[in-house]
Amino acid sequence: MTVTRARTLGFCPGVRRAVETAERAAARAAGSGSSGFVLGQIVHNPRVSARLAGLGMETIDDPDDASGRLAGATVVIRSHGAAPEVLERLRAAGADVVDATCPRVAANQKAAAAYAARGYLVVIAGDKGHGETLGVAGHAPGAVIVSSAAEAASAPTDRPLALIAQTTVSEAEYEAVRDALRSRRPDLIDVGGVCAASRERRAAVEELAGEVDAVVVVGGRNSANTRRLAELAASLGVPAWHVENAAEIPDELGRYERVGLSAGASTPDEDIDEAEARLLELGLAASRA
Ligand code: SF4
């Protein structure tokens, strides 16, 4: 078996920055004897979360989860960002907020706030309930999150619209929502906001799919961008697996001659290395059988 890695895979710059920021914050909190928290899973990857927990960082979903323990504590805001109201609650409780919001996400938050202030209804094309979309919506009072063209058909259009992307949606998803909205509001402002790092990972999977017999995408089960990479590979007609770690790679992969390996933007190098090693082992076992 040969295993070919996608030319771009794994940690994107925003995630790497957030994880490194959180590790430094953990060291500082430990050094000063104060508590350390991360607001939401730092990235959608269990290994990274476990490593930070080992450094003493507790993950909380809401400031209320650490009620009474925030004064003097360090709280890291993950790459997905957070709503301003949440940051205010943390600061009001006396927390030292370390903002690791990805600059790309922060740019979308800023655009959302600016258009809302000018009277636009901000529409976010992306996953409902995702930390990033909720955070961007928090910057634009009244914003709505739309996950498909079908949903866009029933979005309110009584005000001019400004459409912003969740950074990890595909261009196709974004454009489908945009076109559905534009048919109802031709004056829609197309802000965009899909991240180049996501685009590069998708383009790399598209290339890979043409060169291999099967694709394995490694990443957290709740990682939206990992799921999208696996769906993309499958949509190109290649058998594709989304696994969270090497142990989840099924034995049947051993029968493929050429396997492509990709990983979501929140997947650390160790997970990728272990997945590659497991695939090569399966290939060897299959060749001996
Ligand atoms: S995918 Fe892009 S926007 Fe999201 S964290 Fe990575 S670099 Fe930032």
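These legends accompany several views of one predicted model. Residue numbers start from 1 along each chain, following the sequence as written. Because the model is predicted, local features need pLDDT of at least 70 and side-chain atom pairs count only at pLDDT 80 or more, while totals for chains, interfaces and linings use all residues.

View 1. Helices (H or I, at least four residues) and strands (E, at least two) are DSSP runs, numbered from the N terminus. Along its principal axes, the C-alpha trace spans about 65 × 55 × 25 Å. Of the 289 residues, 48% are buried, a label that requires 20 or more other C-beta atoms within 10 Å of a residue's own, with C-beta atoms placed from the backbone.

**View 2. The largest nonpolar core, with 61 residues.** Such a core is a set of buried Ala, Val, Leu, Ile, Met, Phe, Trp, Tyr and Cys residues joined through C-beta atoms within 7 Å. Among the residues with the most contacts inside it are Ala22, Val123 and Leu163. Helix H1 (residues 13-32) gives the most to this core, with 7 residues. Another core lies apart from it and has 29 residues, among them Met1, Leu9, Val243 and Tyr256.

**View 3. The surroundings of Val122.** Two residues are in contact if their C-beta atoms, placed from the backbone, lie within 7 Å. Leaving aside neighbours within four places in sequence, Val122 touches Ala112, Tyr115, Ala116, Ala140, Ala143, Ala162 and Ile164 in this sense.

**View 4. Strands E4 (residues 74-77) and E5 (residues 96-99), paired in the parallel sense.** They share 4 bridges, where pairing takes at least two DSSP bridges. Val76 stands opposite Val98 in E5.

**View 5. Helix H9 (residues 224-235) and what it packs against.** H9 has 12 residues and reaches 16 Å from its first C-alpha to its last, close to the 16 Å expected at 1.5 Å a residue, that is, 1.5 Å times one less than the number of residues. Its buried residues include Asn225, Arg228, Leu229 and Leu232. The buried residues of H9 pack against helix H8 (196-209) and strands E10 (214-218), E11 (240-243) and E12 (258-263). Just after H9, Gly237 takes a positive phi of about 85°.

Key
Buried ≥ 20, exposed ≤ 12 C-beta atoms within 10 Å, placed from the backbone.
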